Every structure is written in C-alpha cells, then in structure tokens.
Protein chains: 2
Amino acid sequence: MFTECVPNSITSLATADIRFPTSASLDGSDAMNRDPDYSAAYVVLGTDASDGLEGHALAFTIGRGNDVQVAAIEALRGHIVGRDIEELLDDMGATWRLLVHDSQLRWLGPEKGVMHMAIGAVINALWDLKAKRAALPLWQLLARMTPEELADLVDYRYLSDALTRDEAVALLETTAAGRAEREAIILREGYPAYTTTPGWLGYSDEKLARLCREAIADGYPQIKLKVGANLADDVRRMRIARQVCGPDFPIAIDANQRWDVATAIEWIGVLSEFRPAWVEEPTSPDDVLGHAAIARAVAPIPVATGEHAQNRVIVKQFLQAGGLQVLQIDAARVGGVNENIAHLLLAAKFGVRVCPHAGGVGLCEAVQHLSMFDFVAVSGTMEDRLIEFVDHLHEHFVVPTVVAGGRYLAPTAPGAGMEMHAASIESYRHPVPVPA
Amino acid sequence: MFTECVPNSITSLATADIRFPTSASLDGSDAMNRDPDYSAAYVVLGTDASDGLEGHALAFTIGRGNDVQVAAIEALRGHIVGRDIEELLDDMGATWRLLVHDSQLRWLGPEKGVMHMAIGAVINALWDLKAKRAALPLWQLLARMTPEELADLVDYRYLSDALTRDEAVALLETTAAGRAEREAIILREGYPAYTTTPGWLGYSDEKLARLCREAIADGYPQIKLKVGANLADDVRRMRIARQVCGPDFPIAIDANQRWDVATAIEWIGVLSEFRPAWVEEPTSPDDVLGHAAIARAVAPIPVATGEHAQNRVIVKQFLQAGGLQVLQIDAARVGGVNENIAHLLLAAKFGVRVCPHAGGVGLCEAVQHLSMFDFVAVSGTMEDRLIEFVDHLHEHFVVPTVVAGGRYLAPTAPGAGMEMHAASIESYRHPVPVPA
C-alpha cells in the first residue's frame with residue numbers, strides 16, 4: 001500500500017478568449033442583438049493522471065466582454081488547481097457548492113451574471129473530464145446514475161418551497177424502470193430539433209422564404225422567426241413564412257426581450273393571426289410577474305423563456321407563477337450541468353416541457369446531452385419537445401452536433417461536447433487588449 | 001467662432017484593485033459572509049478640461065473576485081474615453097442607455113452582476129464629475145433638477161407596467177414646492193442613521209452588550225443584529241440586546257440570505273418574541289415570491305431587502321408582489337445613480353419606505369446623497385427612514401461620512417462622495433495576480 005503516493009490532482013486551468021466575426025454576415029441578428037460576434041470564454045482543466053484526459057468547456061458570449069468572462073474563469077483557479085480529481089468528480093454536488101457558495105465570490109452575484117457563468121464553465125469542464133474518464137457521452141453517464149446520485153447533484157437551497165430532495169428522488173424513481181428502453185430509442189432515433197436558421201432579422205424576404213422551404217425539406221418539425229423590431233415587418237415576414245410552410249406547420253416567434261408588458265400583449269395580439277407555436281422572451285428575462293401577466297393575456301399561445309434565466313431561483317418562480325409554458329434551458333448560462341438538472345427536475349415537477357436554447361458557439365453540442373438525459377431518466381418523454389438548432393460553427397468542435405432528418409443524433413463519443421479543435425482555438429484567439 | 005476647436009473630452013479611465021484586510025478582525029462577519037475583505041474596484045475618469053476635475057467611483061466587493069470587477073470596468077473604456085464631456089454629462093439618461101444597452105455586453109447580464117456593477121461604477125464616476133463641475137454635492141445637484149430632468153434619467157424599459165415617465169413627473173411635482181425648505185432642514189438636521197456595529201456574528205456577548213449601550217449613548221434611534229447561523233445563539237443575543245436597549249427600542253435583524261422560505265418563517269417566528277423592527281434578507285435576493293410568502297407569514301414584522309437586488313426589474317416585482325416593506329437601496333450594486341433614482345420613484349409610487357444599505361467601503365459616503373435627495377425632491381419625508389451606518393474605513397475618503405447624534409450630517413463638498421485619498425489607494429492596492 002503506497003500511503004505516501006500523491007493523489008491525482010487537477011494541475012492546470014487554462015483559458016482562451018475566442019471570438020468569431022459573425023457580425024459581418026448578420027447571422028444571429030435579432031431585435032436586441034444586432035451584431036453579435038459569437039464568442040467563447042474557453043477553459044481547459046489538465047491533470048497529472050496517466051490517462052492524459054482533459055476537461056473542456058466554455059461560457060458563451062456575443063463579443064465585447066468576453067475578456068471579462070475569461071477573467072472570471074481565471075478567478076476560480078485557486079478553487080480547482082491542486083485539488084484531488086476523484087474528490088471533485090465523485091461528489092459533483094459538493095464541488096458545485098464549493099464554487100457557488102464561496103463566501104467572497106458570491107458577492108459578485110450572488111449566482112448570476114459573469115461570475116455564475118464562469119462557475120458554470122468550470123463545472124461543465126469537470127463534467128467533461130468525468131465523462132471522458134468514464135468513456136461515456138455525458139447524457140449516458142448521467143442517465144446511468146441512480147435517482148439518489150442524481151438528486152445529490154442539486155443544491156436545494158432556495159428551492160425547498162418548490163422541490164425537496166425527497167421529491168426529486170421520488171420523481172426520478174417514477175421513470176427509473178424504462179431507462180434502458182429509452183436509451184435504445186435515443187441511440188436509434190435521436191431527439192427532435194427545430195431550426196432558427198430561416199428567421200434572423202437581417203435576412204431578406206426572399207432568403208426567408210427559401211430557408212423556410214429548405215427547413216421543411218430537411219425534415220424539421222418546427223421553425224422560429226425573430227420578431228420585435230418593427231410590427232409591419234413582423235406581419236409581412238410571418239405571412240411569408242405561413243404561406244410557405246402551410247397553415248398548420250409550427251412557427252415559433254422570438255422577441256429577444258424587446259417589449260414591455262403592455263407592448264408585448266398588443267404586439268402578440270396582432271401576430272396571433274398567424275398562430276405562433278410559442279412566443280419567446282417577450283420582455284425582460286428577470287420579469288417573472290411580467291411574463292405571467294403576458295402569459296395570461298395571450299393564452300393559449302404559450303410563453304417560452306429561459307436562455308437568460310440566471311439561476312434555479314428565477315426558474316422556480318417562473319414555474320410557480322405560470323410565467324412560462326416552455327422552459328428553454330441553456331447549457332452555458334447557469335451553474336453548469338448540476339443547475340440544469342435542477343431545472344429539468346423543476347420542470348418535471350411542474351409538468352412543463354423543456355425545449356432548450358441552442359445555437360451560438362457549442363450550445364447545440366452541449367445542451368443535447370441534457371435533453372437526451374432528460375428523456376432517458378427524468379421526464380421520460382419527447383412529446384412536444386425540441387432542441388433549437390442553428391447550423392453554424394459546428395466544424396470547430398471535436399464532436400460536432402449531427403442533425404439529420406430534423407433530429408439531433410445521439411453523440412456516442414466520451415465527454416460533454418464542448419471541446420474545440422486546437423486549431424480553431426488558435427485561429428480565433430482574440431488579441432489581448434493593450435492597457436491604456 | 002472656433003468651429004474647429006476640439007471639444008473637451010474624457011481622456012482616461014484608470015482602475016485600481018483595492019482590498020482592505022478586514023477579515024482579520026471579523027468586522028463585517030455574518031451568517032453568509034464569514035470573512036469579508038472589504039474591497040473596491042475603483043475607477044477614475046480624467047478629462048482634458050482646464051478645471052482638472054476627475055470623476056471617482058467604485059464598485060464594492062468583499063475580496064476574491066475584485067479583479068474580475070476591475071476587468072469589467074476596464075471593458076467599458078471604449079464606451080467612455082474619447083467622448084465629449086458635455087454630451088455625456090448633459091444627458092445622463094442617454095449615457096446610461098449607451099452603457100446598459102450595448103448589444104454585446106448585455107449578454108453578460110443582462111443588467112445584473114459583475115457587468116452591471118461595473119456600469120454602475122462608471123455612471124457614478126460621471127455623476128461625481130458632474131457634481132464637481134457644478135460645485136455641488138450630488139444630493140443638492142439632483143435636488144435642484146426639474147421633475148422633467150429627473151424623470152429623464154430613468155430608463156422605463158421593463159418598468160412601464162408599474163411606473164411611466166408621466167407618472168414619475170407627476171410624482172416629482174407633488175413634492176416640488178417644498179424643496180427649498182427641506183434642503184434647509186437637511187443642512188441643519190441631517191438624516192437619521194442606524195448602526196450595525198453592535199451586531200456582527202463574530203463578536204462576543206460582552207462586546208455586543210457594550211456596543212448596544214454605546215449605540216444608544218451615541219444617539220442612534222435603531223440598531224441591527226446579524227442572525228441566521230444558529231437559532232439558540234440568535235435567541236441569546238437578541239435577549240441581551242433587548243435587555244440592554246429596553247423593551248421599545250427598535251432592533252432590526254438581518255439573516256443575509258441564509259434561509260429557505262419555510263425555515264425563514266419558522267426562525268422569525270421564534271425571534272418574533274423580541275419584536276424585531278424588521279427582518280432583512282431572509283432568503284435569496286432573487287426570490288420575489290419567496291419574500292412575499294415570508295412577508296405574509298411574519299406580518300406585522302416588515303421584511304427588508306434590496307442590497308443585492310440586481311436591478312429595477314427585480315425591485316419593481318418586489319413592490320408589485322409585496323415582497324418587501326422596507327427597500328434597502330445600495331449605491332454600488334446597480335447601474336448607478338440613475339437606476340437608484342428609478343428605485344426611489346418606484347418606492348414612492350408604491351408608498352414603501354427606503355432605508356439604504358451601507359457600510360462596506362464608501363457605501364455610506366455615496367448612499368447618503370440618495371436619501372437626502374429623496375427627502376428633498378422625491379418622497380419629501382424622513383419618517384421611519386434611516387440610513388445604515390458602520391463606522392469603518394471612512395478615513396480613506398476625501399469627504400468622509402460624518403455621523404453625529406445618530407444622524408448623517410449633510411455633505412457640502414462637491415462630488416458624489418466616493419473619492420478616496422491617493423495614499424489609501426496606493427497603500428491598499430492588491431498585488432496583480434501572477435498568471436499560472
């Protein structure tokens with residue numbers, strides 16, 4: 001017995017400020033984000049283990065401020081580097097609390113914005129490492145954990161009025177029996193996708209119509225259009241999309257936080273003629289009560305939000321207040337996989353469907369694992385559920401998303417999905433700002 | 001006419017990472033913040049104007065992560081440096097929107113956490129510069145603006161279901177008549193303060209009793225005790241404070257976000273025996289509905305919160321839902337003076353009293369301006385209103401807070417109050433972290 005052997009530990013945390021010049025083409029343009037440069041605050045965790053495996057993840061931003069996001073990840077080095085690998089990975093619930101409840105760092109949120117997204121990136125890098133060490137894709141790693149192990153990943157602080165650990169375990173036990181069967185279904189059939197590609201505001205009417213036709217030909221069961229900049233334009237574009245897609249094809253609309261409550265109700269009222277499949281981000285992502293008022297007014301059109309929901313406390317309230325009917329989790333907005341599992345459990349508890357936000361850089365690659373895990377081990381259903389898909393920047397990823405016939409095909413390579421090619425990291429590394 | 005003259009412009013944005021080793025003495029210890037090192041992400045705006053005046057402000061943190069906060073302020077350099085001074089200062093409403101609605105930076109929030117606090121620091125530095133150029137203390141500068149000018153400082157996006165510009169103007173007009181009289185009152189009598197000095201968790205019972213006696217002898221009309229770590233300790237400490245202060249002296253309690261909803265109701269139920277003046281931050285600062293549930297259960301004990309309220313959208317909802325009965329604005333948490341004016345107007349609209357959070361580094365120096373302005377030009381009353389006071393680190397400020405007889409004396413020196421002595425900045429500058 002080698003009592004003096006040094007345990008395997010995390011030996012490095014490396015970051016990169018990666019920016020893609022997407023604003024040049026107006027891909028990704030909407031009513032609030034006119035000129036995004038899709039960017040990644042990238043993190044790599046290295047270890048001294050003989051397997052040579054690394055944990056990769058990123059926080060997604062849209063350009064300016066990506067350096068701040070990188071600085072926030074750097075601020076976590078002291079919490080991670082030098083720690084025992086197994087100790088961190090074997091109790092990811094404790095690891096989450098170690099980072100999120102740091103008594104000084106939490107002042108910068110608490111649990112929101114730059115610092116929380118940085119914690120999410122580090123947590124996701126650890127999940128990537130854990131999945132690689134298990135030689136499993138993340139969705140499968142999670143789907144094979146017991147209800148108790150899964151429940152222990154969640155921090156119930158501030159949640160217990162809506163969800164307790166006991167309730168989480170009971171909920172996970174109801175779908176435990178059919179896991180193997182559903183795992184086989186995912187591997188065989190994948191998970192439904194919808195595409196936002198036709199609907200960016202910067203595109204011409206001709207391009208919109210062409211992309212609508214292509215989306216249907218490609219087998220997508222739903223598309224989404226950006227709205228909210230100009231009502232007459234929205235009416236014209238919705239009419240085009242409705243004509244091209246037919247009267248019953250699901251077309252969601254996304255206002256990207258553009259409206260106040262009264263404006264939202266009025267604007268959606270006009271667009272209701274085109275029977276949108278849902279209306280997304282009608283107002284501030286912080287406005288639980290505002291969303292609830294909008295949802296009541298525009299019913300039966302469902303309200304969708306979540307890509308900017310800062311943490312589980314906000315998601316809890318959205319569900320309590322009826323502020324959303326479609327929960328759009330995001331892989332890089334909150335405190336990583338652990339907090340997204342809390343969101344999946346809350347949604348299951350409240351009987352709300354989850355249709356993740358994706359696109360950006362690496363968000364498709366990451367969030368598909370969460371939806372597939374949800375199907376296998378949490379909600380047990382894919383009914384009325386789809387993952388957003390934008391066919392963009394996937395070539396930079398080691399395990400790129402594969403969508404075929406309007407469905408995400410299950411990734412089978414080990415890891416959590418956000419690892420980028422070394423060449424991409426180097427090619428799109430942002431120049432270090434020169435101090436004034 | 002010199003048509004080619006270069007307008008006066010902002011020529012520099014300088015930052016400093018300043019940290020005070022306060023954790024050594026357990027000053028500032030509470031149930032969530034066990035070992036704070038009070039810190040400032042400090043910013044100085046320089047100009048090429050012949051007056052040589054600078055704008056100073058800071059974002060307050062409690063240690064780790066102060067470098068991230070500094071990086072966020074640095075990220076705003078391109079928005080400010082090179083701009084015309086008058087253009088920025090003459091329309092501070094537009095300047096606020098310029099920073100807050102940057103289409104790329106807002107992804108990092110939106111309007112919350114590190115990036116929003118950085119914007120607040122830069123906005124407050126501009127207000128400092130504006131007040132110095134007017135040779136007035138900030139409170140007086142604001143109190144002499146017209147209702148229309150004040151209303152134009154506020155961004156009504158996401159507020160209009162609770163407060164419109166017209167309502168803000170009307171509200172400000174109701175107190176416009178008595179402004180001169182109230183300005184004289186403030187200059188003569190100051191503004192009531194309460195002290196948190198006796199109540200830190202790290203102090204012994206003997207120190208608690210002694211500091212309670214001293215607070216009363218010093219003329220404070222209220223004290224506050226930290227609670228939430230251990231119920232038996234809280235009961236013992238409240239009993240000591242009640243015995244020393246007498247049966248009717250107002251003693252507020254502060255749980256610093258420690259509890260879940262059910263725990264809060266139970267714990268406050270036990271402490272209700274000691275008739276707390278208010279219960280502060282019983283749970284997550286994001287949990288509007290949780291606070292509302294607690295407020296209903298513990299009434300008539302008022303619920304106080306706001307020091308971690310991330311923006312006006314959250315404050316709006318707290319008021320709409322009855323989640324707070326005492327609004328504790330903070331000078332360095334949100335988007336600066338402009339957003340705090342939104343909070344003062346919302347509180348006035350909902351008839352809720354404002355008792356600012358202070359302490360930390362420079363928070364007393366800054367927030368007193370907002371309360372004094374509120375008395376002169378917004379609510380028109382000091383009834384049941386007090387500003388928190390902690391006698392700590394004031395010696396580092398050029399215009400230190402002066403509290404006498406339990407009241408903040410009105411600052412008369414020009415500026416917004418957060419300028420530190422150059423020697424203090426240099427002495428407490430944090431070493432630049434060495435990259436790994």
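Hi everyone, let me start with one side chain: B:F373 touches B:W139, B:L142, B:A143, B:L150, B:I341, B:L344 and B:V378, leaving out residues up to four places away in sequence. Contact here means heavy atoms within 4.5 Å.

A quick word on the source: this is a predicted model, so local features need pLDDT of at least 70 and side-chain atom pairs count only at pLDDT 80 or more, while totals for chains, interfaces and linings use all residues. Residues are numbered from 1 along each chain as its sequence is written, chains are lettered from A and ligands numbered from 1 in the order in which they are written, and side-chain values use heavy atoms, without hydrogens and water.

Back to our phenylalanine. In the largest nonpolar core, which has 298 residues, B:F373 is among those that touch the most other members, together with A:W127, A:L142, A:F373, B:W127 and B:L142. Such a core is a set of buried Ala, Val, Leu, Ile, Met, Phe, Trp, Tyr and Cys residues joined through side-chain atoms within 4.5 Å. Buried is under 20% relative accessible area, exposed is over 50%, and partly exposed lies in between, using a 1.4 Å probe and protein chains only.

Now helix α16 of chain B, residues 363–378. 16 of its 16 residues are buried, so the rest of the structure largely encloses α16(B). Its end C-alpha atoms are 21 Å apart, which agrees with the 22 Å that 16 residues should span at 1.5 Å a residue; that expected span is 1.5 Å times one less than the number of residues. After the helix comes B:G380, with a positive phi near 75 degrees.

Over to chain A, and an open sheet of three strands in the order β1-β2-β3, with antiparallel pairing. The edge strands are β1 and β3 of chain A, each pairing on one side only. Helices (H or I, at least four residues) and strands (E, at least two) are DSSP runs, numbered from the N terminus, and two strands pair if DSSP finds at least two bridges between them.

How many bridges join β2(A) to β3, residues 55–61? Seven, and the two strands run antiparallel; here A:L45 stands opposite A:G55. With β1, residues 10–19, β2(A) pairs over nine bridges, and A:I18 has A:A40 as its bridge partner.

Finally, is β2(A) mostly covered or mostly open? Mostly covered: nine of its nine residues, 39–47, are buried. A:S39, A:A41, A:V43, A:L45 and A:T47 point one way, and A:A40, A:Y42, A:V44 and A:G46 the other. Thanks, everyone!
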